[in-house]
Amino acid sequence: MIGLLRMLGARTLEGLRGLGEAVLLVARILRAAPAVALRPRLLIEQLYAVGVQSMVIILVSALFIGMVLGLQGYYTLADFGATEAVGTMVALSLVRELGPVVTALLFAGRAGSSLTAEVGLMKATEQLSSMEMMAVDPERRILAPRFFAALIAVPLLTAVFSVIGILGGYLVTVGMIGVDSGPFWSNMQNAVTIRDDILNGVIKSAAFGLLAGWITLHKGYTAVPTSSGVSRATTRGVVHASLAVLGLDFLLTALMFE
Amino acid sequence: MTAVEQGDPLAAVRGLHFRRGGRSIFDGVDMTIRRGQVTAIMGPSGSGKTTLLRLLGGQLHPQGGTVEVMGQEVPALGRRALYQLRQQMGILFQSGALFTHLSVFENVAFPVREHTSLPESLLETLVLLKLEAVGLRGARHLMPSELSGGMARRVAMARAIALDPVLLMYDEPFAGQDPITMGVLVDLIRRLNDTLGLTSVVVSHDVSETLAIADYVYLLADGALVAEGSPASLQASAEPSVRQFLDARPDGPVPFHYPAPDLAADLAGRGAP
Amino acid sequence: MNQRLVEIGVGLFVAAGLAALLVLALQVSGLAELRQGTGYQVTAKFENVGSLREQAPVSMAGVRIGRVEAIELDPASHRATVHMRIKERYDSIPEDSTAAIYTAGLLGEQYVGLQPGWESESLDDGDRIADTQSAVVLERLLGQFLTNTQE
């Protein structure tokens, strides 16, 4: 019994320590913001790696999700005779929830995992250590540009996701089923507000980008420097980031939308 | 022990105590690194040789004792001062630790780019000269994945001397190399030290190579200094720990058997299968 | 050369993201509609506004002629005052027109429908529509139905 309690206590303490370490890390990274601004080349390279190279999966997923939303929405609303609200339904679902959340999850899986693996590998092969000994702070040189790239890329990817998703819904409902395009857009424009819906969606996506970038980079930076350690860190990074995004989504939704 | 003491002390550890994971790595150790010399730190695996380099570089902090480099107390330095000091130190890790996404040229150019704002033409000249010193000027466009282990280490050496450091540290530079490469590295370490006026610290367990170029040797075992002196004095020593290490004897003060209970008792305890 | 491609790619990416944000703001949300200020204000008092919300449409003969700007409770009469903004060009609404709250479709949101009157004088900025019909509240309807069937 005492042994179990001691183990629980030790685990909790270790968990708290890890959390504190992660918070201190992100604080140092945020303080490095001016340094990153002075070297846009690094930021641009990372934006390409996490942003541009995520576009394909974002575009394809958005299209299919939008199409499915349109289809399912139409069938459900048809029972109520309210099919002219399908545009509203697709738009609100995407802008408020699916856009930010799915984009963040896809990002964590595609870009986040590569961040963890790359940083973890650099740690395992002592590249970060030798950088430190060359008097170059690896947190500023390697971590900070990647962090800010995630912070910038995710909201942009989310906006693209929402637009393409709405397009997908339009293609299916108006293009294929034959819903009237007029009320599709006008009902949508009536229902979607820039302050409550779009702005909140952007805030969510920025928060998710911050979280996903932070967690995946931290996991890579603190990985055990062996091949199994890096692999563990990569999977953990994706899982933790995804769960954190979903949890934060609930919190933000509760706060934002009454 | 006859001490070969030419040159002033550049770095020193006094009364060094360091523990890691409940294990005591250093238990009160005194060592002096003298300017212009190649100082070797040798000992069996796990004797804390690499840890010492990290302590000198400020990546680790000792639990007790002092670590002094170029007159400065390393553990007490703030971030900025530490980074200033590191610009005067070079370190070569066992794996070379080249940046895998940069070419040979870019790897050597990295510290120069980060710490100076030299115009590109001047930078290119400097990098090529450093590569020339290690004999790899022609390989400048290769990527690290295309290099052999020995070549990678030489590139890492060029990178370590890129900013003309005062102190150069080598972590197991000869480990796992073929005889020719070993010969090249041995030669390079000594020549660079003398022609560039460096001070070198070589951590190694390759006896013949290290003794061939060292000016002064420290032998560590079990967290303590077992012997020190010139290579000649060590070769002449009759101390059992020194003899076991230098003569490569499998058993001696460092035992062959990991501590275990009596064999008969261990087997008997298993019972009939 | 490779660097240039990277920079072009990132530039395209950021441009696409910003364009998407713009599309969301202008096309998807009702931002274009938010250009208030044009139009004149008209009020009407109701016993019960049901689930009428701000930004709800105001129509006449099925045509959108304005929006509900604000809904308040009048402390004196304990009735709801609905402030509406009618577009400038619809300036010939008879003074004795009536206002009622209807529901669009079965699930739809509620809106204010104006029924034209006969006066030659038209509504001006600040005028009040006197004759109003409140929203149909389902419970009351059921209550009426039940009491009727009991007789």
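Q: Is B:Arg113 buried, partly exposed or exposed?
A: In this predicted model, B:Arg113 has a relative accessible area of 33%.

Q: With which residue does B:Arg113 meet in a salt bridge?
A: One looks for a carboxyl oxygen of Asp or Glu within 4 Å of the side-chain nitrogen. Here the side chain of B:Arg113 meets that of B:Glu106, at 2.9 Å from N to O. B:Glu106 is itself partly exposed, with 26% relative accessibility.

Q: Which parts of chain B does the salt bridge between B:Lys130 and B:Asp164 tie together?
A: For such a pair one reads the distance first and then the location of each residue. The closest N and O atoms of B:Lys130 and B:Asp164 are 2.7 Å apart. B:Lys130 belongs to helix 4 (residues 120–133) of chain B, while B:Asp164 is in the loop between helix 5 (149–160) and strand 7 (167–171) of chain B, so the bridge ties together parts 34 residues apart in sequence. B:Lys130 is buried, its relative accessible area being 11%.

Q: Which residues are joined into one network by salt bridges that share partners?
A: The network consists of A:Arg39, A:Arg141 and B:Glu114. Within it, the side chains of A:Arg39 and B:Glu114 form a salt bridge with an N to O distance of 3.1 Å.

Q: How many salt bridges are there between chain A and chain B?
A: There are five salt bridges between chain A and chain B. Over all chains, the structure holds 22.

Q: What does the salt bridge between A:Arg96 and A:Asp197 link?
A: The closest N and O atoms of A:Arg96 and A:Asp197 are 2.6 Å apart. The pair links distant parts of the chain, 101 residues apart: A:Arg96 is in helix 5 (residues 86–124) of chain A and A:Asp197 in helix 9 (residues 194–221) of chain A. A:Asp197 is buried, with 1% relative accessibility, whereas A:Arg96 is partly exposed at 29%.

Q: How many residues does each chain bring to the contact between chain A and chain B, and how much area is buried?
A: An interface is read by its residues, its area and its polar pairs. Chain A contributes 17 residues and chain B contributes 23 residues. Between them the two chains bury about 1,800 Å², of which 55% is on carbon and sulfur atoms. Eleven residue pairs are in polar contact between chain A and chain B, both residues being at pLDDT 80 or more.

Q: Which helices of chain A supply at least two residues to the side that touches chain B?
A: They are helix 6 (127–133) and helix 7 (138–177) of chain A. Helix 6 of chain A gives the most, with six residues.

Q: How is the secondary structure of chain A made up?
A: Chain A has ten helices and zero strands. Its C-alpha atoms fill a box of roughly 65 × 55 × 30 Å along the principal axes. Of the 258 residues in chain A, 50% are buried. Among contacts in chain A with a separation of 6 or more, 82% come from residues 24 or more positions apart.

Q: In which sense, parallel or antiparallel, does strand 6 of chain C pair with strand 2 and with strand 5?
A: The sense of each pair is read separately, and its bridge partners follow. Strand 2 (residues 57–60) of chain C runs parallel to strand 6 (residues 110–115) of chain C, with three bridges. C:Ser59 has C:Gly113 as its bridge partner in strand 6 of chain C. Strand 5 (residues 98–103) of chain C pairs with strand 6 of chain C in the antiparallel sense over six bridges. There, C:Tyr102 has C:Tyr111 as its bridge partner.

Technical notes. Residues numbered from 1 in each chain as written. Chains lettered and ligands numbered in written order. Predicted model: local features only at pLDDT ≥ 70, side-chain atom pairs only at ≥ 80, totals over all residues. Heavy atoms only, no water. Contact = heavy atoms within 4.5 Å. Buried area = accessible area lost by both parts, 1.4 Å probe. Polar contact = N/O pair within 3.5 Å; in protein donor to acceptor, adjacent residues only side chain to side chain. Helix = DSSP H or I, 4+ residues; strand = E, 2+ residues; numbered from the N terminus. Pairing = 2+ DSSP bridges. Buried < 20%, exposed > 50% of the residue type's maximum accessible area, 1.4 Å probe, protein only.
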